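This report walks through a single protein model, going from a pocket to a sheet and then to the helices. Please keep the sequence and the 3D view at hand while reading.

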Amino acid sequence: MQSLCVFIRALETPRVTRPCSGCSRLSTFVCSERFRVNAQQKSLDVWLIYRCEECKTTWNLTVHSRVNPRQLPSEDLNAYMANNQGMAWKVAFDRVLIERAGGHINLNVPVELEKSPATGEDLLLIRSPYPVGIRLDRVLSQLLSLSRSSVQKMAKAGEFDFGKEKAKRILRRPIHDGQTIGLILK
């Protein structure tokens, strides 16, 4: 097997569960990929707008509150003003920001795996710009066209090099950007 670079592309933003003022219960909110920017004298407020899947009530996730516009990088400010999709996705995958606002983020989003040859010998490099919830055993299973139990057996037999990590533990964890796995060919 040659070295591979796997790019994991999220196909949608994560859903957020939080109380809905329209439904009067816990509901699932979907990112609209649009920002609301409001200027108040010399300060700025920025929100990412979400919609309830049930009643379409909006919820504004606070991104910046009462910040001086000069404190924000100009490219970020321009992205907010232009409703830049990349910036909206960056904010929508920010677990800390969403949980601080009282929401629960579900990072298990549909993904697409894109393989390309990589430099180096017998390595698998995983690239994922967003923290998706896909487990490493699932990625390896899809890449090698094997069942997850077969991947676990291969790991137990020492056919992957996870460094200091134990195979059983690392296979159950979600992948992270820049993760490298050695492939030991027998």
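## The largest pocket

The lining of the largest pocket divides into 7 nonpolar, 5 polar and 2 charged residues, where Ala, Val, Leu, Ile, Met, Phe, Trp, Tyr, Cys and Pro count as nonpolar, Asp, Glu, Lys and Arg as charged, and the others, Gly among them, as polar. This is a predicted model, in which local features need pLDDT of at least 70 and side-chain atom pairs count only at pLDDT 80 or more, while totals for chains, interfaces and linings use all residues. Residues are numbered from 1 along each chain as its sequence is written, and side-chain values use heavy atoms, with hydrogens and water left out.

Of the 14 lining residues, Leu107, Pro131, Val132, Pro174 and Ile175 lie nearest the centre of the pocket, which holds about 200 Å³ of space. A pocket here is an open set of points on a 1 Å grid over the protein atoms alone, where a 1.4 Å probe fits, with protein on both sides within 12 Å along at least five of seven lines, and lining residues have an atom within 4 Å of a point. Grid points are joined across faces, edges and corners, and the volume is the space filled by probe spheres set on the points.

## The sheet

Five strands form an open sheet in the order E5-E4-E3-E2-E6, with antiparallel pairing; strands (E, at least two residues) and helices (H or I, at least four) are DSSP runs numbered from the N terminus, and two strands pair if DSSP finds at least two bridges between them. At the edges are strand E5 (58-67) and strand E6 (104-106), each of which pairs on one side only. From one strand to the next, the twist averages 40°, with angles running from 0 to 180 degrees between N-to-C directions and axes being lines fitted to C-alpha atoms, for helices over the stretch in contact.

| Pair | Bridges | Facing residues |
|---|---|---|
| E4 and E5 | 7 bridges | Arg51 and Thr58 |
| E2 and E6 | 3 bridges | Arg15 and Asn106 |
| E2 and E3 | 5 bridges | Arg18 and Ser27 |

E2 and E3 form a hairpin with 4 residues between them, and Ser24 in its turn has a positive phi of about 60°. E4 and E5 also form a hairpin, with 5 residues between them and a positive phi of about 70° at Lys56 in the turn.

## The helices

Helix H1 (residues 74-81) lies across strand E3 (25-40), E4 and E5, running at about 115° to E3; contact means heavy atoms within 4.5 Å.

Elsewhere, the axes of helix H4 (residues 136-144) and helix H5 (residues 148-156) come within 9 Å and cross at roughly 105°. H4 and H5 are therefore roughly perpendicular to each other, a term that covers angles of 65 to 115 degrees. Asp137, Arg138, Leu140, Ser141 and Leu144 of H4 make the contact with Arg148, Val151, Gln152 and Met154 of H5, and these residues divide into 4 nonpolar, 2 polar and 3 charged.

Methods
Parallel < 35°, antiparallel > 145°, perpendicular 65-115°, else oblique.
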